[in-house]
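Here's a quick tour of one structure, with a look at a pocket, some helix packing and a loop. Have the model open and follow along.

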Amino acid sequence: MEYEKILRQAADKIKIDRTVPMVNNDMNLINESRYELNKSGTKYVCVGLSPQILFTPAVKICGNKSRGVIFNRNEWCALVENQGIITNYFYSVDSPWVPMKIGSKTIYFETINKTKVIRVVDFLDVEIYLGWESLEQLWKILNIVAYRIICLAELNFNSFYNNVVNVVVDMVGDVKENINQIIIPLQDVYDEKVSCMMEVVEFAANKLYGDIEHAKNFGSSSK
């Protein structure tokens, strides 16, 4: 692609001799938009690109005391398809309700202090509790979430990311500085992709360095 050629031309101009730093950062959604789900702001939903699933669109439902449960695109669609069933639980007098399985997530229908809630648990045992106030607001912004997912998918950031990794793997020196010097000149042409890459450098360093090491090992074994 054109930007891969531009990336390599920029890389050829950079001559730095430093060791590669290893930084431990938690995985975050990239290019994230956040929408609060209750008046206190303790529950919110985020839409962004997930480093854990090849920078494809993902939706994360979070609370102040939770790391957040991440839905991939298929899981999110399945959750939306079951909107009616989940809503009916809050108006139903029947109990108990059988847990609902959505991909790697399980939704439990529970009552805490006589208040109905759902508890969403993923395969890593990360969980989030949602009451009716938060769910009702979530249902109201489904169109916004859907539109953000479409925009993120059309960005095709994973292709840009892989090209950057393939260029940086042949360079020596500080990875962060190398990447920034390569991508910053591209801001006018690939502004959103560049901003996403900057976020990866800062907030998904483990993913970045892991992919660079993998590319190095793969390149060595294929020679």
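## Helix 3 against helix 4

One thing to keep in mind from the start: this is a predicted model. Let's begin with two helices that run roughly antiparallel to each other, helix 3 and helix 4. Helix 3 covers residues 83–91 and helix 4 covers residues 132–140. Their axes cross at roughly 150° and come within 11 Å. Since angles over 145 degrees count as roughly antiparallel, that crossing of roughly 150° is why helix 3 and helix 4 get the label. As for handedness, the crossing of helix 3 and helix 4 is left-handed.

Which residues make the contact? On the helix 3 side you'll find Q83, I86, T87, F90 and Y91, while helix 4 brings W132, L135 and W139. Sorted by class, the contact of helix 3 with helix 4 has six nonpolar and two polar residues, with no charged ones.

## Helix 2 against helix 5

Next up is helix 2, residues 73–81, which pairs with helix 5, residues 142–155. Here the axes come within 12 Å and cross at roughly 160°, so helix 2 and helix 5 are roughly antiparallel to each other. Their crossing is left-handed.

If you want to pick out the side chains, go for R73, W76 and V80 in helix 2; they meet L142, V145, I149, I150 and A153 in helix 5. The class count for the contact of helix 2 with helix 5 is seven nonpolar, no polar and one charged.

## Helix 6 against helix 7

Now for helix 6 (residues 157–168) and helix 7 (residues 175–183), which pack at an angle of about 120° with their axes 11 Å apart. That angle makes helix 6 oblique to helix 7. Helix 6 passes helix 7 in a right-handed crossing.

What meets what here? From helix 6 come F160, V164, V167 and V168, and from helix 7 come V175, I179, I182 and I183. By class, the contact of helix 6 with helix 7 has eight nonpolar residues, no polar ones and no charged ones.

## A loop residue, N82

Go back to the stretch between helix 2 and helix 3, and you'll land on N82, which sits in the loop there. Which residues does N82 contact, leaving aside its neighbours within four places in sequence? Those partners are M100 and I102. N82 and I102 are 20 residues apart in sequence, and their C-alpha atoms are 9.4 Å apart in space.

## The largest pocket

Last stop: how much space lies in the largest pocket? About 500 Å³. Its lining takes in 21 residues, and Q52, G68, I70, D122 and L124 are the ones that lie nearest its centre.

Terms used: Residues are numbered from 1 along each chain as its sequence is written. This is a predicted model: local features need pLDDT of at least 70, side-chain atom pairs count only at pLDDT 80 or more; totals for chains, interfaces and linings use all residues. Side-chain values use heavy atoms; hydrogens and water are left out. On a 1 Å grid over the protein atoms alone, a cavity is a set of points where a 1.4 Å probe fits but cannot get out, and a pocket is an open set with protein on both sides within 12 Å along at least five of seven lines; lining residues have an atom within 4 Å of a point. Grid points are joined across faces, edges and corners, and a volume is the space filled by probe spheres set on the points. Axes are lines fitted to C-alpha atoms, for helices over the stretch in contact, and angles run from 0 to 180 degrees between N-to-C directions. Helices (H or I, at least four residues) and strands (E, at least two) are DSSP runs, numbered from the N terminus. Angles under 35 degrees count as roughly parallel, over 145 as roughly antiparallel, 65 to 115 as roughly perpendicular and the rest as oblique. A crossing is left-handed if the near helix is turned anticlockwise from the far one by less than a right angle, and right-handed if clockwise. Contact means heavy atoms within 4.5 Å. Ala, Val, Leu, Ile, Met, Phe, Trp, Tyr, Cys and Pro count as nonpolar, Asp, Glu, Lys and Arg as charged, and the others, Gly among them, as polar.
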